[in-house]
Amino acid sequence: MSATAENPPATSAPTAVATAVAPAAVEERVTARVISDDPLYRKIPVALRFAPAEPLAVRIVFPGGLSPEGTDNEWVFPRALLEAGLQAPTGTGDVRVWPCGRVQAVVECHSPEGVAVIQFDIAALRRFLRRANAAVTRRA
């Protein structure tokens, strides 16, 4: 009887198969506040996302209620911009970030349709960035 792929000979040595485990994406769901002329803050659910395939970027996904089209609005910008903006005002383009007191940070997003100014708890942003940085470290 001859050996086949389904039935290798009993004398063959076992082979090790290396499998790479891809780091998982990071998502943090937080509550943020829309800053507007209205004296009452409007709280909104926001998703902070990081994909190891794009290690330099982060995404903030705002709910559809903020856009004229009624669809989720996703902003992609450098992770370093978010990190730096927790310490001092940063950004000159479509996205700007700055600390607001000791426990809040503001993310300002500019588009042709207008400007969205959103306030976050710094602790939530730092937690998200720690998880994103850990995912990058695991990938290396």
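1. **A hairpin to start.** Strands β2 and β3 are joined by a hairpin through six residues. Here helices (H or I, at least four residues) and strands (E, at least two) are DSSP runs, numbered from the N terminus. Strand β2 covers residues 42-50 and pairs with β3 in the antiparallel sense over three bridges. Two strands count as paired if DSSP finds at least two bridges between them. Within this pair, Leu48 stands opposite Ile60 in β3.

2. **What kind of model this is.** This is a predicted model: local features need pLDDT of at least 70, side-chain atom pairs count only at pLDDT 80 or more, and totals for chains, interfaces and linings use all residues. Residues are numbered from 1 along each chain as its sequence is written, and side-chain values use heavy atoms, with hydrogens and water left out.

3. **Confidence.** The score to read is pLDDT, the predictor's confidence in each residue, from 0 to 100. The protein averages a pLDDT of 82, and 79% of the residues score at least 70. Over residues 1-20, the pLDDT is below 50. Beyond near neighbours in sequence, that stretch has two contacts in the model. Contact means heavy atoms within 4.5 Å.

4. **Overall plan.** The protein has two helices and seven strands. Along the sequence, they follow the pattern β-β-β-β-α-β-β-β-α. Take the contacts with a separation of 6 or more: residues 24 or more positions apart account for 36% of them.

5. **The sheet.** In what order do the seven strands lie in the open sheet? The order is β4-β3-β2-β1-β7-β6-β5, and the pairing is antiparallel. The edge strands are β4 (73-78) and β5 (95-100), and each pairs on one side only. Neighbouring strands of this sheet are turned by 30 degrees against each other on average, direction ignored. For such angles, axes are lines fitted to C-alpha atoms, for helices over the stretch in contact, and angles run from 0 to 180 degrees between N-to-C directions.

6. **Surface and interior.** Of the 140 residues in the protein, 32% are buried. Buried means under 20% relative accessible area, exposed means over 50%, and partly exposed lies in between (1.4 Å probe, protein chains only).

7. **Strand β3.** Strand β3 spans residues 57-62 and is mostly covered: five of its six residues are buried. Six bridges join β3 to β4, and the two run antiparallel. In this pair, Val61 stands opposite Glu74 in β4.

8. **Strands β5 and β6.** These two pair in the antiparallel sense over six bridges. The bridge partner of Val95 is Cys109 in β6. Their hairpin has three residues between the strands, and Gly101 there takes a positive phi near 80 degrees. Why is β6 largely enclosed by the rest of the structure? Six of its eight residues are buried, so the rest of the structure largely encloses β6.

9. **The cysteines.** Is Cys109 buried or exposed? Cys109 is buried, with a relative accessible area of 1%. Cys100 counts as partly exposed, at 33% relative accessibility. A disulfide is a covalent bond between the sulfur atoms of two cysteines. The cut-off used is a pair of cysteine sulfur atoms within 2.5 Å. A search of the whole structure finds zero disulfides.

10. Two residues lie between β6 and β7 in their hairpin. His110 has Val115 in β7 as its bridge partner. Val117 is found in β7, which covers residues 114-121. Which residues does Val117 touch, not counting those up to four places away in sequence? They are Arg33, Val34, Ile35, Val106, Val107 and Glu108. Val117 and Val95 are 22 residues apart in sequence, and 9.9 Å apart in space, C-alpha to C-alpha.

11. **Helix α2.** This helix covers residues 122-139 and includes Ala134. Ala134 is partly exposed, with a relative accessible area of 30%. Ala134 and Val26 are 108 residues apart in sequence, and 9.7 Å apart in space, C-alpha to C-alpha.
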